[in-house]
Protein chains: 2
Amino acid sequence: MSGAPKPVFVDPLPSWNEGTTKATILDFVRRVTIEDSSDYVPPSERIATFDNDGTLWCEQPTFVQGFFLLDRVKTITTEQPELAEQQPFKAVLENDKTTLATFGKKELVALVFATHTGMTPEEFRTIVQTWFDSAMHPRFHRLFRECVYQPQLELLDYLRANGFKTFIVTGGGSGVVRTVAESIYGIPPEQVIGSSSKTTLEWRDGKPVLVKQPELNSFDDRAEKVVNIELHIGRRPILAFGNSDGDLAMLQYTAAGTGARLALLLHHDDSDREYAYDRDFHFSPLREALEEVPKLNGGHIVSMRQDFKQVFPFS
Amino acid sequence: MSGAPKPVFVDPLPSWNEGTTKATILDFVRRVTIEDSSDYVPPSERIATFDNDGTLWCEQPTFVQGFFLLDRVKTITTEQPELAEQQPFKAVLENDKTTLATFGKKELVALVFATHTGMTPEEFRTIVQTWFDSAMHPRFHRLFRECVYQPQLELLDYLRANGFKTFIVTGGGSGVVRTVAESIYGIPPEQVIGSSSKTTLEWRDGKPVLVKQPELNSFDDRAEKVVNIELHIGRRPILAFGNSDGDLAMLQYTAAGTGARLALLLHHDDSDREYAYDRDFHFSPLREALEEVPKLNGGHIVSMRQDFKQVFPFS
């Protein structure tokens with residue numbers, strides 16, 4: 001006896017638990033890609049934007065770029081020992097929590113400029129690449145670049161397989177995230193939008209080079225994420241994914257377009273496998289968005305605890 | 001008698017005359033794409049940047065966006081008749097050459113802001129799209145969007161077929177060029193970098209919208225083209241194509257990278273089929289670049305008269 005082969009359903013999102021979230025994602029992608037659907041969106045308009053810190057990779061106990069900054073402070077104070085006695089470097093090196101607690105935006109910006117600028121973008125990328133090759137997460141004892149969410153890697157692949165263009169829209173520095181986004185997420189540098197310092201074109205040894213300046217070009221957070229989406233992408237996303245109030249404007253802007261929309265917010269509620277936090281994370285709190293996202297067209301809260309079958313690729 | 005079928009060579013650049021330029025382009029692409037070549041470049045690094053005005057489409061008797069600006073002045077002075085009696089609008093409407101000759105950057109910027117801002121990017125795109133659907137070139141009596149160079153369309157296709165990502169880096173407004181670049185050139189909005197005004201996120205009827213402001217964000221010309229290449233693309237191009245001194249920095253920056261490079265400059269020397277101009281084109285002169293580009297690694301002057309077998313698709 002022979003018969004037609006049974007159709008095989010390959011789950012494109014095996015690290016997502018069955019439930020409302022997974023069904024919502026699969027249903028959305030089906031509706032926008034099936035040509036006779038009233039929600040059909042042509043491939044050129046299938047723009048998906050993802051926050052990075054806390055959405056694609058772990059942002060606790062603090063931002064990955066914070067660990068990078070600390071190691072950069074150690075490096076430059078070794079090269080220039082006189083800096084080690086000056087603030088804000090001294091408090092960072094000594095982990096002087098009393099003084100650190102007094103630091104505001106001014107000191108943070110000074111630290112970023114001292115450690116991230118004054119060189120060409122190519123020189124900076126080499127520093128970043130070298131750091132990512134060995135820097136380890138203090139709790140998971142894995143490279144930071146490995147501490148990414150397996151369900152999100154699957155979602156990015158699944159969206160691209162369905163004609164989406166995937167972008168990162170991050171408050172992190174574009175020079176940092178671009179260095180590793182292609183190898184980690186399959187997202188090329190031109191599809192990474194981040195915070196940036198100004199650069200200037202200068203001549204060195206008869207050749208033009210760009211030099212990163214200690215001056216802010218864009219802090220890619222909150223409303224600025226939307227401004228930068230227009231500047232860099234020039235189209236409104238139909239899907240956006242974030243995890244903090246810094247992403248709320250992007251989610252609202254995405255949801256406010258016509259037609260089918262998906263605005264997803266990851267809630268970190270899993271202290272066993274990752275972390276549980278929202279309101280109290282100093283750098284990137286989740287307060288307003290937890291209330292507002294469910295009200296949006298296509299707005300949905302993703303629970304790490306309930307929706308992620310597996311958290312990290314190495315789990 | 002039978003034999004092996006003869007190999008058929010399909011010329012990927014049929015609108016380019018045989019000669020040094022075509023051989024240079026074909027040789028460059030062969031060298032960077034053949035894996036055992038010492039000049040091999042992985043696909044992710046195959047970034048090609050093209051100027052638009054005068055490089056991909058005709059920029060005479062003046063920029064396409066100049067014609068758009070003129071029609072927009074007519075529209076807004078019809079809607080707001082009091083403006084028709086005020087400068088700089090009055091001189092534009094009356095084609096008052098004496099007064100127009102006194103106009104500098106201040107008046108031009110005022111005209112651009114009055115005609116290009118104060119609306120959402122989506123509203124602006126609709127205006128641009130409608131204009132391109134009917135606006136005709138005064139000499140060729142074809143839609144402006146048809147007055148593009150057939151050899152360049154073939155070159156863009158040829159590069160993409162060989163794994164290149166093609167970008168436009170234009171002094172023109174990104175909101176104008178992005179509206180038509182995908183249908184004309186196959187280049188999506190996020191691969192068009194241009195001049196831009198600032199935008200702000202505002203709330204209208206309970207929904208977030210961006211609003212174009214009468215304030216310059218970036219004038220994408222000369223060194224700023226290189227700055228924007230880093231900001232938007234994050235990689236140094238290996239091929240760049242321009243036609244004026246405004247493109248020289250981009251060509252120099254491209255040529256100064258390591259490995260095989262191609263820096264092409266189109267010289268408009270064909271008054272019969274298009275236009276002949278260089279030093280004296282007020283808005284975008286070609287002076288220094290004509291001297292400098294041949295000295296660059298991979299620098300090459302393209303002659304429209306000699307190298308273009310066909311100029312426009314409709315020729």
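## Contacts and conventions

A contact is a pair of heavy atoms within 4.5 Å. On this basis, residues 24 or more positions apart account for 66% of the contacts in chain A with a separation of 6 or more.

The model is predicted, so that local features need pLDDT of at least 70 and side-chain atom pairs count only at pLDDT 80 or more, while totals for chains, interfaces and linings use all residues. Residues are numbered from 1 along each chain as its sequence is written, chains are lettered from A and ligands numbered from 1 in the order in which they are written, and side-chain values use heavy atoms, with hydrogens and water left out.

## Overall form of chain A

Chain A contains 12 helices and eight strands; helices (H or I, at least four residues) and strands (E, at least two) are DSSP runs, numbered from the N terminus. The C-alpha trace of chain A spans about 80 × 50 × 45 Å along its principal axes.

## Surface and charge

Of the 315 residues of chain A, 55% are buried. Buried means under 20% relative accessible area, exposed over 50%, and partly exposed in between (1.4 Å probe, protein chains only). The accessible surface of chain A comes to about 13800 Å², and 53% of this area belongs to carbon and sulfur atoms. Accessible areas come from the Shrake-Rupley method with a 1.4 Å probe; for residues, only the protein chains shown count as cover.

Chain A carries 33 positive and 44 negative charges, whose mean positions are 2 Å apart. Lys and Arg count as positive and Asp and Glu as negative, whereas His and the chain ends are not counted. Each charge is placed at NZ of Lys, CZ of Arg, CG of Asp or CD of Glu.

## Relation between the two copies

The same surface serves both copies, as 100% of the contact residues of chain B recur in chain A.

## Cis peptide bonds in chain B

The bond from B:Gln60 to B:Pro61 is cis, with omega near 0°. B:Pro61 belongs to the loop between strand E1 (47-50) and helix H2 (64-79) of chain B. The bond from B:Gln87 to B:Pro88 is likewise cis, with omega near 5°, and B:Pro88 is found in the loop between H2 and helix H3 (89-94) of chain B.

## Loop residues

A:His141 has a phi near 50°, a positive value in a residue other than glycine. The residue A:His141 sits in the loop between helix H6 (121-132) and helix H7 (150-161) of chain A and is exposed, with a relative accessible area of 57%. B:Arg222, also not a glycine, has a positive phi of about 55°. B:Arg222 occupies the loop between strand E4 (207-218) and helix H9 (223-232) of chain B, where B:Arg222 is partly exposed at a relative accessible area of 41%.

B:Asp272 lies in the loop between strand E6 (262-269) and strand E7 (276-277) of chain B. The relative accessible area of B:Asp272 is 71%, and the residue is exposed. B:Asp272 and B:Pro43 are 229 residues apart in sequence and 39 Å apart in space, C-alpha to C-alpha.
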